[in-house]
Amino acid sequence: MSKFGKKKKEMPAVNTASLPDIVFMLLFFFMVTTTMRETDLKIENPVLPNATEVKKLEHKSLVSTIYVGKAKDKKLGSGDKIQLNDKIATPNDVTAFILNERSKVSEAEVPFMTTSIKADIKSSVGTITDIKLKLRDVGALKLSLSSRKSAEIQQ
Amino acid sequence: MARRETPEINAGSMADIAFLLLIFFLVTTTMDVDSGISKKLSEKPPKDYVPPVIKEKNIFEVNINRNNEMLVEGETMKLGKLKEAAIKFIDNGGGEGKIEDGVSTGPCDYCKGARSASSSDHPNKAIISVQSDRLTEYGMYIKVQNELLRAYTELRNRLALEKYNVSYDQLEEDYKNDQKNEDLKKKVEFVKNSYPQIISDAEPTS
């Protein structure tokens, strides 16, 4: 038995030369698809409603997002809160917010700007209406009520 | 002259660097594309604006109360029936269409409704008014909007299939891929204007 046992066979090392290529491929994929979250949410992550008739929003730079939901910070009370950029605001601040967003894009693109309202399904229509009235006053008429695409909604 | 070989660069740590970057992007990535129900708000009316008189029969009234119950044309209705009711109303075609630039659009020749005298005259006159309470849940509101939009989509698809043998969704998709195609544009516009989406949000009761 010893005759055979003496010959110790060494395991050939796995060739890892192509590993960087694979990793780079993945890296590029994620780099291209990534969109960084610019704001951290002060409200609880809104549960978006489901809908079938949704349209995708194109041109991310022309979309300004308004969040509506319950505040994470319990000290602020339990009612619906509106978040603009990265702070809790009132409907009256919407005007300034929209004007600020407008100043970021060129004038020719202003009519194509869309406001996306990401509201929690449990929030009340009254809050949304307050925002809508302000948007109407400032002339930001294109609106998208953010919802997830689903094949069929339960009745 | 001795030829010097260029020393090879050690690329062993390349994978580590790439991995580091990869993990960073993996963590920060969010793949969701923002999508939603698109709405066009009406422009702010001038101070001395007198709203036009609209016949009662051309208005389809949807009320949602604070308990998320729905009242359609004065009767309670389940959400599942809303689409059918809306289609019946829009597609009624009981009279003349509205006058555009002094030219009457005439009676609706593509409508397949009952042509009842007590319902809407023409799809371009049919107004859906959604009135909700301030305390209505947003989820319910979206569901109602969605059902109404579905009614329009169904009618548009039907018309497009009849006229051009292709659904409206497909037509829009094709147009998006071929923006310069005048023929397609005309088709899309025609179907769109045949069944214009007139959903108005009445100010909520408090």
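How many residues does the contact take from chain B, and how many from chain A? I looked this up at the outset and noted 43 residues from chain B and 47 residues from chain A, where two residues are in contact if their C-beta atoms, placed from the backbone, lie within 7 Å.

**Basis.** I worked from a predicted model, in which local features need pLDDT of at least 70, side-chain atom pairs count only at pLDDT 80 or more, and totals for chains, interfaces and linings use all residues. Residues are numbered from 1 along each chain as its sequence is written, while chains are lettered from A and ligands numbered from 1 in the order in which they are written.

**The side of chain B that touches chain A.**

**Pairing between the chains.** Strand S7 (residues 142-146) of chain A pairs with S1(B) in the antiparallel sense over five bridges. I took helices (H or I, at least four residues) and strands (E, at least two) as DSSP runs, numbered from the N terminus; two strands pair if DSSP finds at least two bridges between them. Opposite Leu145(A) I found Ile37(B) in S1(B).

**Chain A.** I recorded four helices and eight strands in chain A, running α-α-β-β-β-β-β-α-β-α-β-β from the N terminus. Of its 155 residues, 27% count as buried; buried means 20 or more other C-beta atoms within 10 Å of a residue's own, exposed 12 or fewer, and partly exposed in between, with C-beta atoms placed from the backbone.

**The sheet of chain B.** I traced an open sheet of five strands with mixed pairing, in the order S4-S3-S2-S7-S8. Strand S4 (75-76) and strand S8 (199-205) of chain B are the edge strands, each pairing on one side only. S7(B) and S8(B) pair in the parallel sense over five bridges, and Val130(B) stands opposite Asp201(B) in S8(B).

**Gly106(B).** I located Gly106(B) in the loop between strand S6 (103-104) and S7 of chain B. Is Gly106(B) buried or exposed? Gly106(B) counts as exposed because it has 11 C-beta neighbours inside 10 Å. Not counting residues up to four places away in sequence, Gly106(B) touches Glu96(B) and Gly97(B). I also noted that Gly106(B) and Tyr175(B) are 69 residues apart in sequence and 28 Å apart in space, C-alpha to C-alpha.
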